[in-house]
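Good morning, and thank you for making time for this presentation.

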Amino acid sequence: MTDAAVTVSSPSADRTGTAQVVYLVPHSHWDREWYQPFQRFRMRLVDLVDRVLALAEADRGFRFTFDGQLAAVDDYLEIRPEAEDRVRRLVARGQLAIGPWRVLADEFLVSGETLIRNLERGWRRAERLGGGLRAGYLPDEFGHAAQMPQILRRGGLDRAVVWRGVPGTVDRHAFTWVSPDGSAVLTEYLPDGYGNAAFLLTPGGRPGARMARLAAELAPFFAGRPLLAMCGGDHTAPLPDLVQAVADLNRAEPTFQVRLATLAEYLDATRDQVAADARAGRLPRWVGELRSSARANILVGVTSARVGVKARCTGAERLLERYAEPLAALWAPGRMAPFLDLAWDRVIDAAGHDSVTGCGVDAVADDVAGRLQQAAQLAEGVRDRVGELIAAAAPRETVVVVNPSARARSGMVEIELDPPPDGGPLCLVGPDGRRHATQELSRSGGPLHQERLDGPGLARVARRIHGGELFGRWILGWAIDPAERRVTVELGRRPETLSVDPGGLAAELERAARDSPGDWRLELRDEPRCRVAAMAAAPPLGWAAHHPAPGAAPLDHPVHAIPHGLGNGLVSVAAEPEGTLRLEGAGQVATGLGRLVDGGDAGDLYNYAPPERDTRVGEPTEVAVAIERTGPVLGELVVTRTYRWPLGLTADRRARSDAAGPVVVTTTATLVAGEPFVRLRLAFTNPASDHRVRLHLPLPRTAAASAAEGQLAVVERGVDPVEGGHGEVPLATHPARGFVDAGGLAVLLDRVSEYELLDGQEIALTVVRAVGQISRNDNRYREEPAGPELPTPGAQCLGPVGVACALLPHAGSWAEADVVGAAEVWHHPLLAAAGSGAPGSVREAAGLWIEGRGVQLSSLRERDGWLELRLVLLHPAPTSVTIGGGWAEARGCDLLGREPSPLAVRDGSVRLDLAPFEIATLQLRR
């Protein structure tokens, strides 16, 4: 067999004589974890890559594409590190195509910044191994985010390759895919998916006949041009005689010329022709997200499967992107990079399309949750360490307020203070002398523990001391009264208050027990503390030290009680007899908010499917309402509703069971002074299986569409279901990450959530969807299976369930009402810590500020001696943006920090003009 028979030749002709050219791309779609956990699948991966390397080294005509993700290579090299040079040689020879991603991430369940870091890490690793595939290969994601073309373009890639989500109007193998900002990539569509030629060369049968059938299926999309045939499937290995099998097919079927190729070779060979078609207007054009199931299932139910995993992911991302990394870059430069890199690795490795989706076995969900928990721990650790450094720069006995936003903010923090000696009000005084109001929430302190001990027992008390800690507090001091045989130990909650040697206490107890035998009385006293909700202010991405002072302070828009509820002059919320809420603000009124509807789900982790005879429960059996706090800083309205939910499905899964159990749902509506939205938190213990619970939020006015924030865009979607056609029942359920808005009501979300706009009248938000199997062959809402029929009892989500959101009534559109700005406040609360520096220390410091309506900070980090800032304009109109901070130099760059170009700096600031939904990355130096 000669190399020339299987290597790619010139694409100048679509046919050689009368032979149809077919580019056959061997590959394996490698789900790192799914119906088996990662380490089990890795054992199979090692076998597969061993074979691939051996075949490639044995025959230069062999080709293989590594599924677009470097993880498949690195997971192998972690076991076979000695093979790295072999991989590098084969990449250099063009026999292996690798990258550009670290993992094949789900595009709707992670942040836009996670998608960018995934590309960055994948591309960087591919470069070290010889170079990556210069196309966004996205073969199996369950639909595609609107901003993916812009991410690819600004990451240096001008091509994409996709399967799922492509609408029926795309009738060619190539189309132009455009982001909301106008960025476009030429996109290769994979008709029949990434495995359309998986069985082409299977031993037995007639490969020529199979080739003819495949060519007939692909012909309408390629119109006589070279065909792209993807020879591989899930976890499949290449045939050991692949090169010979292709040669045999070419000899037996002269009407076809099959060329073994990597995906990179196919894209290079067809680049000029596809570009010419695009320039001539011969290619279909699509703007925005790809969420059609016209020709492939998009498996929309994964958004609501294992909601706890989604909450962990969003939580870890927000900690990392908006607290740990930017604060470390500004206030602890050069110190935290290894911890931040490790946190990002954990998030990205949890982002896979069979990982964060929750559509694998329980062991996989546990592994994913563990990675996300580690990422959150690392991010919290960095955030808190930077907070300690900031606190050390502020005077002791002050309250240091840290602002994670790139604009000056005031808002509420919860802190502990020493109670005023006279029992009067307290306030916080900022660096500018402005007084900020507080509201006492609780008090603690006084007697904590008492007991009588004999002499030896008193001496043994010292054994309870762990370092300086006793009963969960820290030893502040003690007094021993031999006459009364009484020992009093003063304890505090703050380790920085430790000012005594606990070893001294042990010695004195032993001496007292020896010198005064008999029974002793031990008294432990906790220092008096007062927990308060306090208003405070801080400069952009900076901090301010406030000192507590006696006395009251003025308060804008204070919270106060109203009949059955709370108000603050901007918005009001009141309980209705049914336990729902009435919301009023900005001239808008919504009633019936918070209705819960529980219905059956006979589907699986991929697709919701109600049983044939569903029973829906929407009315509580009991309702109790209490106003627990009435302001002026913070108010809380608590509604407790009791329901009886069916506990499962009947044995045939066609109806809900007769057995039912009580469920107590607590809804807490919180109102804060000066905020135009109401914070909502729901909590209950889920006792039921195979069901879906949704929170219904009627709108102030009828809406024709919703607007949902996520992945660096705000996407408008109508009330109709997505396009169907492939056998998956089309639904109008969609994902949103930051908020969903419709009809004058913005719902600010604490996690990626599934929502539906029902008849333009209300938003239904999925609280929990409990199912017990990966896939079901008899799913009523999907014709073909999405995976194996394996049990997933953990996905029933039994036990505590909680969800939080905020409700913002507004006039006008989401853009006119600055919903993006409100979401910034809701998602990123101010931080507070106790100052620990010397008297007279710095009282305030600003980091970096951004002016521009609708501008959202995506990331701020250190890179090669620069501060790298990424932002996106979430607004439908162009906006001028100013970035201030005393800059001496500034330059623009691509998403990966390359191709720097100087930017003008005037008076220490940089000004940019951004198009709607444009992503900008720039590097700054003081």
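Nine cavities of 30 Å³ or more are counted here. A cavity is a set of points, on a 1 Å grid over the protein atoms alone, where a 1.4 Å probe fits but cannot get out; points are joined across faces, edges and corners, and a volume is the space filled by probe spheres set on them. This is a predicted model, in which local features need pLDDT of at least 70 and side-chain atom pairs count only at pLDDT 80 or more, while totals for chains, interfaces and linings use all residues. Residues are numbered from 1 along each chain as its sequence is written, and side-chain values use heavy atoms, with hydrogens and water left out.

The largest cavity has a volume of about 370 Å³. Its lining consists of 28 residues, where a lining residue has an atom within 4 Å of a point. R322, E824, H828, Q856 and L857 lie nearest the centre of this cavity. By class, the lining has eight nonpolar, eleven polar and nine charged residues; Ala, Val, Leu, Ile, Met, Phe, Trp, Tyr, Cys and Pro count as nonpolar, Asp, Glu, Lys and Arg as charged, and the others, Gly among them, as polar.

Which element gives the most to the lining of the largest cavity? It is α14, with five residues. At least two residues each come from α4 (112-128), α9 (307-331), α14 (819-827) and β43 (855-863). Helices (H or I, at least four residues) and strands (E, at least two) are DSSP runs, numbered from the N terminus.

The loop between β11 (285-287) and α9 holds R306. This residue has a positive phi of about 50° although it is not a glycine. R306 counts as buried because its relative accessible area is 7%; buried means under 20%, exposed over 50% and partly exposed in between, with a 1.4 Å probe and protein chains only.

P100 sits in the loop between β4 (96-97) and α4, and a cis peptide bond with omega of about 15° joins G99 to P100.

In helix α8 (residues 263-279) we find D277, which is buried at 1% relative accessibility.

Finally, R891 belongs to strand β46 (residues 889-893) and is partly exposed, at 23% relative accessibility. The side chains of R891 and Q923 make a polar contact at 2.7 Å, that is, a pair of N or O atoms within 3.5 Å, one able to donate a hydrogen and the other to accept it; residues adjacent in sequence count only if both atoms are side-chain atoms.

Methods. On a 1 Å grid over the protein atoms alone, a cavity is a set of points where a 1.4 Å probe fits but cannot get out, and a pocket is an open set with protein on both sides within 12 Å along at least five of seven lines; lining residues have an atom within 4 Å of a point.
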